[in-house]
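This report goes through selected features of one protein model, with attention to helix packing, aromatic pairs and strand pairing.

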Amino acid sequence: MLSVTVTIADLFEFEGKLPPAERPDDAAIGDMIQRQFRFLPQPINVQIGKKDATISFNEESPTAKEEAARLAAKASERAFAGNYSKAISAWKRALELQPTLRGARLELPMVLVERGDIDGAKNQLIEVLRLNPQDHWACVVLGNLYIQNENDLVTGERFLRRALDFAPNDSWAMHGLAAIAGKRGQQDEAIKLFKKAIAANPELPNPHHGLALTYQRMGQLGRAEAALDVLFTKTKVQDARSVPVFATGPRLICRGRKSPGGETAFRCLQGGGESAG
């Protein structure tokens, strides 16, 4: 048997609700658990305590796990090739065979977002958290989904801060909080958080890019340019989210800067080098 323990407060959080001031009775909590964990192999065994609950269930068979792994690998290949419909079908079939397959539940939302199914993506990520409420990466992805796709800064911030509760040095979570601060016009706080994200992972490009953007908004072009110098000479593409950074970074400085003679001078950073024209 496998088991997962969740707090009663998280049961409400996972449904997008605030925990009530008074604890619900066990019957109401049991109903929530049966509803939220119906994706697991049935039947499930539920033990409800004062502040949390433990859900036990049968582990999937070795044969089911093997086939689920094969389907998930095939889904990844199809997604990489742009065949999203077949990728989604393969991932969903894999999860039917092995509902606890974390990798598939983290990959599937990326494709669902591409197809415009934001609610479906959120549901998959929430189910990762139901299986492991301390899965900080699911919190990071979910937080960024709320920020970027729904402009819900409050919910996005809540999940990013939850991620930092479990992984205090996660640079992606700090980067997301910095972006929220920037959207709120809190530029000094954004700079502080971008610098913390950089300190946690100096090779991650995105915080350097965010730092440069923030300096540019503040009219501090020299500091923006210095941040881009580091971006192009000291960082690496770490996954698909970093690719746009290298495409848009040069445009930050190439917006036109006045030379002493009144001409517009452009300094573009391409890779580790420069071009002027």
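## Helix α7: ends and length

In this predicted model, the N-terminal end of α7 is capped by Asp135, with a side-chain oxygen 3.3 Å from the backbone nitrogen of Trp137. Just after the helix, Asn151 has a positive phi of about 50°.

Helix α7 covers residues 136-150, 15 residues in total.

## Helix α7: burial and packing

The buried residues of α7 are Ala138, Cys139, Val140, Val141, Leu142, Gly143, Asn144, Leu145, Tyr146 and Ile147. Which helices do the buried residues of α7 pack against? The partners are α5 (102-114), α6 (118-131), α8 (153-166) and α9 (171-183).

## Aromatic pairs

How many aromatic pairs does the structure hold? There are 2. One is formed by Phe37 and Phe39, which are stacked at 6.2 Å centre to centre with 25° between the planes. The angle falls under the 30 degrees that sets the limit for stacking. Phe37 counts as buried because its relative accessibility is 0%. Phe39 has a relative accessible area of 15%, and therefore is buried too, the cut-off being under 20%.

Tyr146 and Phe159 make up a stacked pair as well, at 5.9 Å centre to centre and with 5° between the planes. Tyr146 belongs to helix α7 and Phe159 to helix α8, so this pair ties together parts that are 13 residues apart in sequence. Both Tyr146 and Phe159 are buried.

## Surroundings of Phe37

Phe37 sits in the loop between α2 and β2. With neighbours within four places in sequence left aside, Phe37 is in contact with Val4, Val6, Leu11, Gln42, Ile44, Ile55 and Arg130.

Phe37 can also be placed relative to Leu131. The two residues are 94 residues apart in sequence, while their C-alpha atoms are 8.9 Å apart in space.

## The sheet

In what order do the strands of the open sheet lie? The order of the 3 strands is β1-β3-β2, and the pairing is antiparallel. β1 (2-7) and β2 (45-48) are at the edges; each has a single partner strand, so one side of each is left without a neighbour in the sheet. From one strand to the next, the twist averages 20°.

Helix α2 (residues 26-36) packs on this sheet and touches β2 and β3. The direction of α2 makes about 140° with that of β2.

## Strand pairing

β1 and β3 (residues 52-57) run antiparallel and are joined by 6 bridges. In this pairing, Leu2 stands opposite Phe57 in β3.

β2 and β3 also run antiparallel, with 4 bridges between them. Here Asn45 stands opposite Ser56 in β3.

How values were computed:
Residues are numbered from 1 along each chain as its sequence is written. This is a predicted model: local features need pLDDT of at least 70, side-chain atom pairs count only at pLDDT 80 or more; totals for chains, interfaces and linings use all residues. Side-chain values use heavy atoms; hydrogens and water are left out. Helices (H or I, at least four residues) and strands (E, at least two) are DSSP runs, numbered from the N terminus. The expected span of a helix is 1.5 Å times one less than its number of residues. Buried means under 20% relative accessible area, exposed over 50%, partly exposed in between (1.4 Å probe, protein chains only). Contact means heavy atoms within 4.5 Å. A polar contact is a pair of N or O atoms within 3.5 Å; within protein, one must be able to donate a hydrogen and the other to accept it, and residues adjacent in sequence count only if both atoms are side-chain atoms. Rings of Phe, Tyr and Trp (its six-membered ring) pair if their centres lie within 6.5 Å; planes under 30 degrees apart count as stacked, over 60 as edge-to-face and the rest as tilted. Two strands pair if DSSP finds at least two bridges between them. Axes are lines fitted to C-alpha atoms, for helices over the stretch in contact, and angles run from 0 to 180 degrees between N-to-C directions.
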